[in-house]
Every structure is written in C-alpha cells, then in structure tokens.
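Thank you all for coming; I would like to walk you through some packing in one structure. Please have a look at it before I go on.

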Amino acid sequence: MKKIICLALALAMVLTLSLSACAKGLSGTVSTNGSTSMEKVVGILSEQFMEDNSDVTVTYDATGSGTGIEAVANGTCDIGLASRGLKDVETEKGLVATTVALDGIAIIVNAECPVEDLTVEQIADIFTGKVTSWEDFGGKGDIACIGREAGSGTRDGFESITGTKDTCVLAQELTSTGAVIAAVKSSPNAIGYASLSAVEGQEGIRVLTVNGVACTEETVLDGSYVVQRPFNLVTVEGKELSQAAKAFFDYMLSAEASELIVKAGAVPVAEVEEAAAEEATAEAK
Amino acid sequence: MNVLFFLCGIVTVGFVLCICIYLIVSGVPAIGKIGLGNFFLGKIWKPTATTVEPSYGILPFVLTSLCGTAGAVLLGVPIGLLTAVFLAKVAPPKTANLIRTAVQLLAGIPSVVYGLVGMIVLVPAIQRFFALSSGATMLAAIVVLAIMILPSIINVSETALRAVPKDYEDASLALGATELETYFRVTVPAAKSGIATSIVLGVGRAIGEAMAIIMVSGNVPNMPKLLGPVRFMTTAIASEMSYAPVGSLQREALFSIGLVLFLFIMMINVFLNVVIKKERR
Amino acid sequence: MTFEKKRKLWNRAVRVGVYTASMLTAALLVGLIGYILYRGLPNLSWQLVSTQTSYIRDTIGILPNLVNTVYIILVAMAIALPLGVGAAIYLTEYSKNRHLTRLIEFAAETLTGIPSILFGLVGMLLFVQRMGLGAGILAGGLTLVMMILPTIVRTTQESLKTVPQAYREGALALGAGKWRMIRTVVLPSAVDGIVTGCILAIGRITGESAALLFTAGFGLKLNNFVKALHSSSATLTVALYVYASEQGKIDVAFAIALILLALTLVINLGANYAGKKLRRN
C-alpha cells in the first residue's frame, strides 16, 4: 500500500512540474482604469501585448485620472492611469507612480481662428475670464473656453501650469480629451486644451504655439514646451501584481514599447532617459 | 402552475419596489450629509473644489429641468396638436397614413441619434444665428426635446380626437360652423382629457431624457439661461457618474439627484392618474 | 373688423397653421433621415462593420458593437419573454384577486414612466455593484428586462384577451387541465400578439443608451458571448456616443447612426406587419 502511495505522489509531482514548465504562456485579465488622455497610448500598447500573448485580456476604462487612482487604491483595477503626478494625499495612501511617457497639453483653437501664439499669462487670462473677446488678439467674437471635468488629469496639469486652479470660467465642461477636440472643431470661437497624442492628425483645429514654442514631441522632450505633464502608471506600494499585470507593466516601460508610444503621439520615458543621459555626457565633456 | 405565473406577475411589482428602495436608500444619505436646504436651494454645484469648500447645490439642475421641459412643451404641444388635428380630421386618408408613418418613425429613432444630429446641425446653427461663442445652449436642448416629444403628443392626441362622438361635430356643423371651427371649438375641448394625458406623457418623456441633450446643452452647472450652457438633472447624473469616486459624497449626491428626479416623475404620474383620469369620469 | 372678416381670418390662419405643423413634422423626419444618409453613407464600409478598432493599424471597426447589441437583445429577451408572458397569463387566466391584478398592472404602468437613466442608476447599484456582476452584457441585459417587461406584459395580455372564450371552454370540456389548455390552445392563438410585443421590445432595446452606459459599459473590444457577459461591452448606441462625444470621430458616428436608423426602420415595419396580421385575425 505504502509503495503505491509513494509512486502516485511521485507521479503527481512530476506531472505538476512538467505542466508548469509547459505553462510558458501568460493568461488572465489585466484591468487598467483612468486617464482619457492616455487612451491612444494604452490602446496601442495593450493591442500589441494582446497580440503577443493571446491568452491575456487587457481592459481599459476611460474614467479620468482621479477615478483611476481611486480604483487602483481600492483594488478594483490592476493598474491605474493618471495623466498627472500624484498628490500628497495619494502618496500617503501608499500609491506609487511610474512615469511611462510625457505628454504635451496642446492648446487648440478652431482652424478659422487667426490667433497662432499665446503666452502662458494670456492663456490664464482667457481661461479665468479676464479677457473675453478674441478682438484683443486680432480676431473677432467672444471667446468660448472649453475645458475638462473636475477629475481630469489634463485639467489638473493645465490648471497647475497656468496657475488657474479652481478659477477657470468655462463655456463647456466635457468629460474627455476627444470631446474637447470635437467641440473646438465645431465652434469657430472656441479655445480648449487637449492631450497632444489625441490632437495629432486632427483636422479643423490649430495647435497654438505657447511662448513661441510649438507643441511637438521634441519640445516636450527637451522641456521648452512648458504645458506638459507625465503619463503615470499607478500601483499600490508593496502589493504584488498578477503575473499578467506585471508582464504588461514591464512591457509598457520597455524599449520595444517606445516605438508604439511615439506612434501614439507621446514621448516615451526611455527617450527621456536617453536625452538626459546625452545631456549628462555632453556636460561632462 | 398557478404559483409560477403568480411569481412572474409579482416580479413586476418587485422591480418597482426595488427601484424605489434603491433610489431612496442610496439617495437619502447624501441629502442628510449636505443638508436639505443646502442641497435643494444651493445655487452652486462644485463637488470637487479643492481651494474652497465643495458645494452640492442642485437648484441649477432642478430649475433647468423644469424650464427645459416647459420650453419643450411650449414648443412641441402647439405643433403636435395641430398635426394631430390634421391627421385625425383634415387630411385625406392617404396623406394621413403617410404622415402617421413619419410620426411613428420619428418615435422610433434612438435618442443618441437625435443628440448627434443636434450636435452637428443645431448647435452650430444657433451659434451663428445668435452670434454666441458656443451654440451648446438650453435652446438647443429645448428644440431637441420638443422634436422628441412630438410623436407622443401626436399619437395620443389623435386617438383622443378620433374618440370624440361624431354627433358633437355634426351638431356644430349643423349650427353653421365651418369645419375648422368645429374641430377647434368643439372636438378639441371634448378631447381635453386625452390631450392633457398626451401632454403629461410628453412632460414625463422630456424631464427624463438624458442622452439626446447631453450632447447639445453644454454641461456647465449654471442657473437656467436660454442662450447659455446648462446642465439638467439627467445630464448631471450621466456626466459625473463615470468619474465620481466610489463612496464619495459627490457620488452619493448624484444618487440623490436621481432620487429627486424619481420624485418628480412620481408626482407627474400621480397627477396623471388622479387629476386627469378623475376628470374623465 | 367685422365679425365675418375676423372669422374668415381665423379660419384661414388655422388652416395655414394645421398644414404648416404637419408639413413641419413630415419635413423633420425627411430632413433627419436625409441628413443621416448624406453623412453616414459615405462612411459605411465593409471594413467598418466587420473589424474591431485597432490602434496599431489606425482603423476603426464597429463589429464588437454590432455583436454586443445582438448579445444584449438575446440576454434581455431570454429573461423578459418568459417573465412577461408568465405575468400576462397570470393576469388574464389565473388571477382571481382584483386588487392584485390592479396592483400588478399599476406596477407595469409605473415602470413605463421611469426614465432610462434611473434604470441605469438602479441597474448599476443592484446588478453591477450589489450582485457583483460587474459591468457587462449580463448586468445590462437584466437592466433592460426591467424596462421592456411592461411592453411584453401589455401586448401579451391584449393578445390573450382576443382569444375567444369558446376555445378555452372547448378544451376544458374535452378534459384538458388548465395549464394544458393554455399551453395547447390559448398560447398558440395568441402568438401573433406576443411576436408583436417582442418586436417592439427589441426595437426599444436597440435604441436604448442611457440605461446601458453604466451597466453594460463603454468597452469597444470584441469578445465572445461568455466573456462579454462580464466585460465592459458597448452596444451600438453607446458606441455612437463614445465615438461622437469622446473621440470626436463624427464620420464613424454617422455611419453608426445610419445603421441604427436602418435597424429601427426594419423593426418598425416588422411590428406594423405583425400588428396588421393580428388585427386581421
């Protein structure tokens, strides 16, 4: 009897060992939740990841940076997406942000608007309602400010850089970057702010230069375009991610993903580090 | 077998109870926390303000819903009633059938489609016509709502008009009135309760509409302004629900708005059942 | 002005009013359909309806949304049909308590008046959060059941009432039990009305959006049936809203609007046809 039990146990062990060796493929669901500006970036990365790992499903809920951070904090998603840095309140909760890319916030006007350049102060004046007419800038008509809802990372980034927190007077408050673009497209007097990655390739709008600097990946990279913010992956410190989630997390930060991030219109953090390294070596010389 | 079907029947009642209970249970806490007066009479809705105290006043939403519905009814009822008279009395049968089919089709179009066309056609048109900075206004919402309640008004009014006994009309014609005079001075008043029902149905539809107007009304929590962006009770819930954090006061306040909306609908229902149907007797 | 003159003026004005209102209504429909055709047709392509959206290839496809719409119709009808027919059978064949009948009918009437956004709210609280189903086709379908139940109950009830009492008495006289009588004699005769009710319910489901935003979700990925039950899956209407409002892809939105319009038309005609067949019997 004992011999049979020992044999059976040994067989079982061998089987499980060999099965786990076979189980090279990842499987499971990775849930991401948060920023609407990161839609293209997360979309393209998750699509490629899912093509490479056919048993993994990556889901993305576009709810806005604030909600994404909440979701990862209370465990309803694996990876939170925030298009801004974490606040003290949030880091105190044990949340950790890993920057995956930098994104410019493009200031957009309708294609019919004659204005091409504004300074940060002018933008602040427009959005707080101090200046209400395009005539001050050589155009005509009243200015319609299109902004984002209160939990938006884009709004947070825009308001902190222009110094207009809680003081914006908006004609419309929309819930996603795409919506702002659509609204500016259809209204000749509108001005709005939207993620650079979403703005590229859109017709009917013009991207303004800020302080004379155009909004492109290069100027975001070297910091000369000031209205920018990080795309962050938010996780809980010390909490283990599932195998699939960890793999996706690492994939997003890898060099292979950089090309796709560029295609999506953002500046991958790998490039940022490269540029910083180049600067360091240039200074060292 | 009897029991099985009885259970099926009870499920309907169960659903209604469920809805009532859930709305009350999730809506009341926030009203308690915010304070009845602050909630209903507060004019400022800024639930995520960080530099000042957040405020949760829903007066803008309630007034906007009321004004918007009133506007839609003012615009839609005359057109609807006149069309109903046309269909019921004036039109030759073939034309009537054609227009009736048109009305039925209008009724079946999904509300997002109305919203889309409104966003692309109506909003820019209002902007150009009134020289505004943005056409996403209460006016746009009123027009869209009016178009959406037209079919309900036309259908029910037409049925009511048809139900008026022919003797009334014959008597009026015999006394020398023209046809149109008969229709408007005799038939319409006789069909009063049916027409009132159609208006109440229209009101119910307009006050509960969300998707069509979220795309055309601007979505800013202002006090009602005809040519300015506004937020209705329904659009307030729809636009903030997806990003209000679970468990926050903001989210609970949204449920409370749902409760308020539900109470309005119940009042309209009671009004319909008690006042109008009583008059029929 | 003399009385005669005033009277002539009134008659002429009213005549103009009646004709204008009706022409306006017809023109609205023609304009709406025409505009959607004009904007939607050029964007309708095989690629659009047979693939899903890909960021890598930078293409848009609405196959997942078409599939999701079909899934949710299946789920909602599979639950609502037996429930609704069962409730109607109880009301017409079994119920002996008049108060209970009135209660159930009143509940059904109340359900019809509740706006879809409130269904979405309660659906989210009950099915998505409380019952832990997560946003998906299952939660969305259950929410829709609450909305379409009254329609199915009402149409089935009316169609059961048209079955002649003689049929029932004949079957009972031949010794059939009550359930057997209903199953073999009454239901088959009432099938036309039930089918009409189903078609109307499917029409309502296809056009519904506000109730599905938070219960079925916004997801645009293609899933098989079992997976879709628990994953965020956008139906056609929600996809229209997302593409138009959140992504600014207006052309795609119009193509979806065109498909929705075509579906609505087909369903409306289907219901009409079924209804006529019922009335002829």
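Helix 7 of chain C crosses helix 8 of chain C in a right-handed sense, where right-handed means that the near helix is turned clockwise from the far one by less than a right angle, and left-handed that it is turned anticlockwise. The model is a predicted one, in which local features need pLDDT of at least 70 and side-chain atom pairs count only at pLDDT 80 or more, while totals for chains, interfaces and linings use all residues. Residues are numbered from 1 along each chain as its sequence is written, with chains lettered from A and ligands numbered from 1 in the order in which they are written.

Helix 7 (residues 165-173) and helix 8 (residues 178-207) of chain C pack at about 160°, their axes 10 Å apart; axes are lines fitted to C-alpha atoms over the stretch in contact, and angles run from 0 to 180 degrees between N-to-C directions. Helix 7 of chain C is therefore roughly antiparallel to helix 8 of chain C, the word for angles over 145 degrees, with under 35 roughly parallel, 65 to 115 roughly perpendicular and the rest oblique. Helices here are DSSP runs (H or I, at least four residues), numbered from the N terminus.

Now to the second pair. Helix 4 (residues 98-113) and helix 6 (residues 137-161) of chain C pack at about 130°, with 8 Å between their axes, and so helix 4 of chain C is oblique to helix 6 of chain C. The crossing of helix 4 and helix 6 of chain C is left-handed.

Key: Helices (H or I, at least four residues) and strands (E, at least two) are DSSP runs, numbered from the N terminus.
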